[in-house]
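Please look over the structure before reading on.

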Amino acid sequence: MKKLKIYLDTSVISHLDVTNRLDWMAETRKLWDEITAGKYDVYLSETTLTEISRCEPQKFNFLMDILDEIEYTVLPPNEEIDEVAEMVVSMGILKKKSLDDSFHIGSAVVGGCDVIVSWNFKHLVNIKTIKGVRAITTLQGYPNIEIVSPSMLIEREE
């Protein structure tokens, strides 16, 4: 069976070490266990790495060390990603001040990912964004992409 291609936005990676949302950290660590076991093909973007670089040094070092534990592909910026990100803004799905989130979407869509995984309920994991991204993928001929929280992706024990 083909592995799911998942795009991790910065919120997922940063929740591997968060003390104010222990429930989200626990769910993220379960997902990370599945990732390190090779269950998914993981994709990040330059936007993700740039956002991580803005963390204070101790957190930055932790996040970079934890990324060293997995195999992932970095989707480099390009004009096609820029165009999709601009559509996200021009269609009113996200505001211009949320441009990084638009680039997360553009990177994942153009990169052919099956799923965007995020804890960002304000901008990404919500019905307006999900329906808007579905409209873009349909209109532009890209495969559909799901947008989910880590909790929705991890396997549950029966």
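## Fold

Helices (H or I, at least four residues) and strands (E, at least two) are DSSP runs, numbered from the N terminus. On that basis the sequence reads β-α-α-β-α-α-β-α-α-β-α-β-α. The protein has eight helices and five strands. Its radius of gyration is 15 Å, close to the 15 Å from the globule rule for 158 residues, so the protein is as compact as a globular protein of that length. This radius is taken over C-alpha atoms, and the rule is 2.2 Å times the number of residues to the power 0.38. The C-alpha trace spans about 40 × 35 × 25 Å along its principal axes.

## Basis of the model

The model is predicted: local features need pLDDT of at least 70, side-chain atom pairs count only at pLDDT 80 or more, and totals for chains, interfaces and linings use all residues. Residues are numbered from 1 along each chain as its sequence is written, and side-chain values use heavy atoms, with hydrogens and water left out.

## Contacts and surface

Contact means heavy atoms within 4.5 Å. Of the contacts with a separation of 6 or more, 75% join residues 24 or more positions apart.

Buried means under 20% relative accessible area, exposed over 50%, partly exposed in between (1.4 Å probe, protein chains only). Of the 158 residues, 50% count as buried.

## Cysteines

A disulfide is a pair of cysteine sulfur atoms within 2.5 Å. The whole structure holds zero disulfides. Cys113 is buried, at 4% relative accessibility. Cys55 is partly exposed, with a relative accessible area of 23%.
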